[in-house]
Amino acid sequence: MEALSDNSNAKNSNVLLPHIGEGVVIDIGTGDGRFVSTAASENPNKFFIGIDANAKPLEKPSMKATRKPGKGGLPNAMFVQAAVEDLPEELNGVADEVHIHFPWGSLLRAVTTGDTEILTSLHRISAPGCLLEIVVGIDSERDRNEVERLGISELTPVFLHSYLVPKYKAAGFDLLDCEMLTNAEWSQLETSWAKRLGGNDNRSVWYLVFTAA
């Protein structure tokens with residue numbers, strides 16, 4: 001998989017988009033904040049915001065981030081409890097990158113059906129040229145009940161390009177990349193879900209990258 005151009009050949013193996021330079025990175029559905037904590041530690045010139053609708057898993061990473069840097073604190077990271085459809089107005093237009101890794105439940109349904117309200121909310125927090133990275137992993141057997149409950153269509157190339165991508169286009173996002181990841185690629189993501197799901201060759205993992213117009 002080729003990295004997006006960033007005027008550098010370097011690429012952090014723990015995330016799919018390169019983190020070079022400065023800017024604001026927002027992780028939606030951050031869960032226990034592993035992605036934010038790791039990326040913030042490795043990229044001190046960027047500011048990372050982890051957002052999740054559930055406040056409980058945010059408690060530990062929030063406390064850790066507020067420690068002194070010498071004791072593992074992260075002055076360039078913060079965590080916010082908020083629903084994706086009701087993101088704080090203070091975030092309007094600030095994001096240079098937005099990440100959604102292995103969403104589940106209502107967030108999974110939103111990104112795989114092109115929910116207009118959610119896409120509008122994501123575009124609202126995006127600065128011009130913001131990169132929106134989405135990694136969706138579904139095991140057709142293990143996840144069958146959840147997929148049926150959520151009413152999610154099978155993610156095929158035809159469905160993605162003829163139905164889903166136009167939904168993102170209408171919301172102000174242009175497609176940059178759309179491909180399936182190998183187990184070796186997606187298992188390197190620094191998220192707790194990637195670590196838990198690693199080794200499952202039956203899981204189809206799609207990688208989509210858009211840019212905000």
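Let's start with Cys 130, which is buried, at a relative accessible area of 1%. Keep in mind that this is a predicted model. Cys 178 also counts as buried, with 18% relative accessibility, because the cut-off for that word is under 20%.

The largest nonpolar core has 41 residues. Those with the most contacts inside this core are Ile 26, Ile 28, Ile 51, Leu 122, Leu 132 and Tyr 168. Which strand gives the most to the core? That would be β5, residues 126-139, with five residues. There is also a second, separate core of 11 residues, and among them are Ala 39, Leu 58, Leu 74 and Phe 79.

Let me zoom in on Ile 26. Leaving aside residues up to four places away in sequence, Ile 26 touches Ile 49, Ile 51, Leu 91, Val 94, Ala 95, Glu 97, Val 98, His 99 and Ile 125.

Ile 26 sits in strand β1, where both faces are covered. On one side we have Gly 23, Val 25 and Asp 27, on the other Val 24, Ile 26 and Ile 28, and all are buried. In other words, six of the six residues in β1, residues 23-28, are buried.

So who are the partners of β1? Strand β2, residues 46-52, runs parallel to β1 and is joined to it by six bridges. Between the two, the chain passes through helix α1, residues 34-42, in a right-handed β-α-β crossover. Strand β4, residues 95-101, is parallel to β1 too, with four bridges.

Key:
Residues numbered from 1 in each chain as written. Predicted model: local features only at pLDDT ≥ 70, side-chain atom pairs only at ≥ 80, totals over all residues. Heavy atoms only, no water. Buried < 20%, exposed > 50% of the residue type's maximum accessible area, 1.4 Å probe, protein only. Core = buried A, V, L, I, M, F, W, Y, C linked by side-chain atoms within 4.5 Å. Contact = heavy atoms within 4.5 Å. Pairing = 2+ DSSP bridges. Right-handed = clockwise from strand over helix to strand, strands pointing away.
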